[in-house]
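This report describes a predicted model, shown below.

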Amino acid sequence: MDNLNFDETYNILKEHFENNKLPIIDLMAVEKDSPYKILVASILSTRTKDETTAKSCKKLFDKAKNLENLDKLSINELENLIYPVGFYREKAKNLKQIPEIIKEKFAGEIPQTIDELLELPGVGRKVANLVVAVAFKKPAICVDTHVHRIFNRFGYVKTKNPLETEMALRKKLPQNYWLGVNGFMVSYGQDICKPINPKCENCKIKYCEKKGVKK
């Protein structure tokens, strides 16, 4: 990828993203929702399809528009509201703990750093980076399986897992690409650069084909 014009590649990814259904977190950002809602939606979205996440978010946010409302819900109520997201029982328990932790540790405000967000139950690096980038517009690289797969197919990084990819991208990828790259690549990875049987004939980038990188 050293010879690849990443400005051009980024623009292709952006164009595809804008012409296709938005991933749930980016959709919420466009609608100017709160950091609270982006945090909760990010937690619910893990191992869950966007359509399911969106429906569960709507049900939950109708009942709990903020941390104070969330705190008043029981675990059983939370389970019923967020079902059928993946691991809904575990996520309900985590959501129940979050308002009190944020109140005690962060003065009732959603934390704005990755390290602080990682102190919340149910928040891993993917969610923490997503919240920092989408909710607070701060430099962060949210690396999921799509970002990990596509950057490796490009040959831009050679890594074994998303954590290694995040660390490699922090060193190599210019910061002006950080905020948009996750949403753009998730959209591209869901539609074109799929993990199995990618639609290479529809890909406008084709860089991995040119380099002979195994798809």
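Leaving aside its neighbours within four places in sequence, with which residues is Pro-111 in contact? Contact here means heavy atoms within 4.5 Å. By that criterion, and with those neighbours left aside, Pro-111 is in contact with Ile-102, Phe-106, Glu-116, Leu-117, Leu-120 and Phe-136. The residue lies in the loop between helix H7 (88–106) and H8. Pro-111 counts as buried because its relative accessibility is 4%; buried means under 20% relative accessible area, exposed over 50%, and partly exposed in between, with a 1.4 Å probe and protein chains only. The C-alpha atoms of Pro-111 and His-146 are separated by 26 Å, the two residues being 35 apart along the chain.

As the model is predicted, local features need pLDDT of at least 70 and side-chain atom pairs count only at pLDDT 80 or more, while totals for chains, interfaces and linings use all residues. Residues are numbered from 1 along each chain as its sequence is written, and side-chain values use heavy atoms, with hydrogens and water left out.

**Overall fold**

The protein has 13 helices and 0 strands. Helices (H or I, at least four residues) and strands (E, at least two) are DSSP runs, numbered from the N terminus. The C-alpha trace spans about 55 × 30 × 30 Å along its principal axes. For 215 residues a compact globule would have a radius of gyration near 17 Å, and the 18 Å of the protein agrees with this; the radius is taken over C-alpha atoms, and the globule rule is 2.2 Å times the number of residues to the power 0.38. Of the 215 residues, 51% count as buried. Among contacts between residues at least 6 apart in sequence, 58% join residues at least 24 apart.

**Helix H9**

Helix H9 (residues 125–136) has 12 residues, which at 1.5 Å a residue should span 16 Å; its end C-alpha atoms are 16 Å apart, in agreement. The expected span is 1.5 Å times one less than the number of residues. H9 is mostly covered, with 10 of its 12 residues buried. Among them are Val-127, Asn-129, Leu-130 and Phe-136. The buried residues of H9 pack against helix H2 (24–30), helix H3 (35–45), helix H8 (114–117), helix H11 (162–172) and helix H12 (178–191). H9 is followed by Lys-137, whose phi is positive, near 55°.

**Aromatic residues**

A search of the whole structure finds 11 aromatic pairs. Rings of Phe, Tyr and Trp (its six-membered ring) pair if their centres lie within 6.5 Å; planes under 30 degrees apart count as stacked, over 60 as edge-to-face and the rest as tilted. Two of the pairs are tabulated here.

| Pair | Centre to centre | Angle between planes | Class |
|---|---|---|---|
| Phe-6 and Tyr-10 | 6.3 Å | 50° | tilted |
| Phe-151 and Phe-154 | 6.5 Å | 85° | edge-to-face |

Phe-6 and Tyr-10 both lie in helix H1 (residues 6–18), 4 residues apart, about one turn of the helix. Phe-6 is buried, with a relative accessible area of 9%, and Tyr-10 counts as buried at 12% relative accessibility. Phe-151 and Phe-154 are separated by about one helical turn because they are 3 residues apart in helix H10 (residues 145–154). Relative accessibility is 0% for Phe-151, which counts as buried, and 5% for Phe-154, which also counts as buried.

Ring pairs link Phe-6, Tyr-10, Phe-17, Phe-151, Phe-154, Tyr-156, Tyr-177 and Phe-184 into a cluster. Over the face of Tyr-156 lies Lys-172, at 4.4 Å from the ring centre; a charge sits over a ring if NZ of Lys or CZ of Arg is within 6 Å of the ring centre and within 35 degrees of the ring normal.

**Cysteines**

A search of the whole structure finds 0 disulfides, a disulfide being a pair of cysteine sulfur atoms within 2.5 Å. Cys-57 is in no disulfide, and the nearest cysteine sulfur, that of Cys-142, is 15 Å away. Cys-57 counts as buried at 5% relative accessibility.

**Backbone in the loops**

A cis peptide bond joins Tyr-83 and Pro-84, with omega about 15°. Pro-84 is placed in the loop between helix H6 (75–82) and H7. Phe-87 is found in the loop between H6 and H7, and its phi is near 55°, a positive value in a residue other than glycine. At 48% relative accessibility, Phe-87 counts as partly exposed. Asn-197, in the loop between H12 and helix H13 (207–211), has a positive phi near 55° and is exposed, with a relative accessible area of 65%.
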